[in-house]
Amino acid sequence: MLAHAGSRWSLGVIHTLGVYGRLRHTEIGRRMHGVTQRMLTRTLRQLERDGLVLRHDFEEMPPRVEYELSEAGMELLVRMVPLWTWIVENADRFREARQNFDGRHHNTDS
């Protein structure tokens with residue numbers, strides 16, 4: 001489960017489904033900048049396997065599949081919002097710390 005918390009794509013899917021509700025694969029991909037179709041498919045399968053995303057296969061022609069957050073996925077989203085907020089609020093602090101660190105250690109990397 002911690003792998004999802006540290007995964008850009010897992011968090012992106014959880015956030016996207018939390019904001020927009022039930023979506024098709026292509027709709028999720030359009031809302032997540034930079035994700036490849038392959039990575040999105042892999043991420044959705046992992047989230048489904050862990051019970052965070054529900055897959056609805058309508059068994060129609062052409063095929064239609066939609067995804068939505070499960071109850072557990074929604075609970076994870078609710079718990080992640082304070083952490084995301086804290087990260088955004090402290091982004092400048094992190095950047096400054098990295099710059100200070102890199103400035104002190106620049107000569108030791110060679």
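View 1. Trp86 lies in helix 5, where helices are DSSP runs of H or I with at least four residues, numbered from the N terminus. The model is predicted, with local features requiring pLDDT of at least 70 and side-chain atom pairs counted only at pLDDT 80 or more, while totals for chains, interfaces and linings use all residues. Residue numbers run from 1 along each chain as its sequence is written, and side-chain values use heavy atoms, with hydrogens and water left out. One aromatic pair is present in the structure. The ring centres of Trp86 and Phe94 are 5.5 Å apart and their planes stand at 65 degrees, so the pair is edge-to-face (ring centres within 6.5 Å, taking the six-membered ring of Trp, and planes over 60 degrees apart). Trp86 is partly exposed at 43% relative accessible area, and Phe94, at 31%, is also counted as partly exposed (between 20% and 50%, with a 1.4 Å probe and protein chains only).

**View 2. A nonpolar surface patch that includes Trp86 and Phe94.** Leu83, Trp86, Ile87 and Phe94 make a nonpolar patch of about 350 Å², in which patch residues have over 30% relative accessible area and no salt bridge, and nonpolar side chains are joined within 5 Å. Helix 5, spanning residues 71–89, gives the most to this patch, with three residues.

**View 3. Arginine charges over the rings of Tyr20 and Phe58.** The charged end of Arg31 is placed over the ring of Tyr20, 4.4 Å from its centre (CZ of Arg within 6 Å of the ring centre and within 35 degrees of the ring normal). The charged end of Arg64 likewise sits over the ring of Phe58, at 3.7 Å from its centre.

Key: Rings of Phe, Tyr and Trp (its six-membered ring) pair if their centres lie within 6.5 Å; planes under 30 degrees apart count as stacked, over 60 as edge-to-face and the rest as tilted. Patches are made of residues with over 30% relative accessible area and no salt bridge: like charges are joined within 9 Å, nonpolar side chains (Val, Leu, Ile, Met, Phe, Trp, Tyr) within 5 Å. Accessible areas come from the Shrake-Rupley method with a 1.4 Å probe; for residues, only the protein chains shown count as cover. A salt bridge is a side-chain nitrogen of Lys or Arg within 4 Å of a carboxyl oxygen of Asp or Glu. Helices (H or I, at least four residues) and strands (E, at least two) are DSSP runs, numbered from the N terminus.
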